[in-house]
Amino acid sequence: MRQGRTAWHFICRQCGLEKTTLIPQINEIQTINETQRAQALQNLRTHNFATLLSWLEQQCANQQPAGQRPTLLEVGCAHGWFLQQAQANYAAQGIEADHAMAQQTQAKEMAVRSGLFPHILKADERFDLIVFNDVLEHIPHVSSVLQHCHQHLNPGGYVVINAPDSEGIFYRLSKWLTYLGLDASFKRMWQWGLPSPHLYYFNTATLKKIATANHFSMHSTMPLPSITLDGLIERIQYTGNHSKIKSWIIFYLIKTFLPWLQAAKPDIRVWLLKKE
């Protein structure tokens, strides 16, 4: 590892994987207002989840015999937005590490277990798909996680990784700003100071190397939008803790440059790994 842009940011010399020494403190500190977080993220997430599920139907076609619904496990299901949509076509269940959040999602009558992957699973449990929506980058020891995924997948099963992309325009811009001594946006990208900071930033090349080392092949990949105007003002106010006036100024600046931002490299990507 070599030193990255801050004292807590490092880059692998061999594969280029970016990682951090920040420490997760789920269930230990609670600094997130979940009501505000839901208002800021729900529109974008539910839109992207619908796109993701439609894509998976195409990519994983003919995986199951006729008449059987594929089994799906979402690790870190949070509010249950993905599970709610996935239940239409999958035998879907979730795991959530945040005990309070798990209870809220269980109250919506979804099959959710409170605990950590893979410890909460039985040794003989197998799934057709294991899904990480904005989760894998928060879990220590990513290679170990993929090894456990391999053990808990049926033959020919898939791992779905929906995560920030280190090739994305906003992430690369935040890194560039650190050269000017401006590290606030870089910290936000890593969720510095939150109970569950980012521990990794992947891209297609780095993730392919990790997948190959753990007996997965890179099946396919697709981008997802990181910005939509619907719900954007709530997201700006939540993530930046700005005044209303400043939030609306930022909103109109983003709206003005949105076509250019949409044409640039996306900050969210889905990688589909197939068990070998």
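This is a predicted model: local features need pLDDT of at least 70, side-chain atom pairs count only at pLDDT 80 or more; totals for chains, interfaces and linings use all residues.
Residues are numbered from 1 along each chain as its sequence is written. Local features need pLDDT of at least 70, side-chain atom pairs count only at pLDDT 80 or more, totals for chains, interfaces and linings use all residues, and side-chain values use heavy atoms, with hydrogens and water left out.

**The sheet.** Select the seven strands of the open sheet, ordered E6-E5-E4-E7-E8-E11-E10, with mixed pairing. Strands (E, at least two residues) and helices (H or I, at least four) are DSSP runs numbered from the N terminus; two strands pair if DSSP finds at least two bridges between them. E6 (112-114) and E10 stand at the edges with a single partner strand each, so one side of each has no neighbour in the sheet. From one strand to the next, the twist averages 20°.

Next, select E5 (residues 91-96), which runs parallel to E6 and is joined to E6 by three bridges. Gly94 has Val112 of E6 as its bridge partner. Contact means heavy atoms within 4.5 Å; axes are lines fitted to C-alpha atoms, for helices over the stretch in contact, and angles run from 0 to 180 degrees between N-to-C directions.

**Helix H4.** Now move to H4 (residues 142-151) and show Val142, Val145, Leu146, Cys149 and His150, its buried residues (under 20% relative accessible area, 1.4 Å probe, protein chains only). Looking down the axis of H4, these residues fall within an arc of 145°, so they line one face of the helix; the arc is taken from the directions from helix axis to C-beta atoms. Their packing partners include strand E9 (200-201) and helix H7 (204-213). H4 lies across E7, E8, E10 and E11, at about 145° to E8.

Terms used:
Buried means under 20% relative accessible area, exposed over 50%, partly exposed in between (1.4 Å probe, protein chains only).
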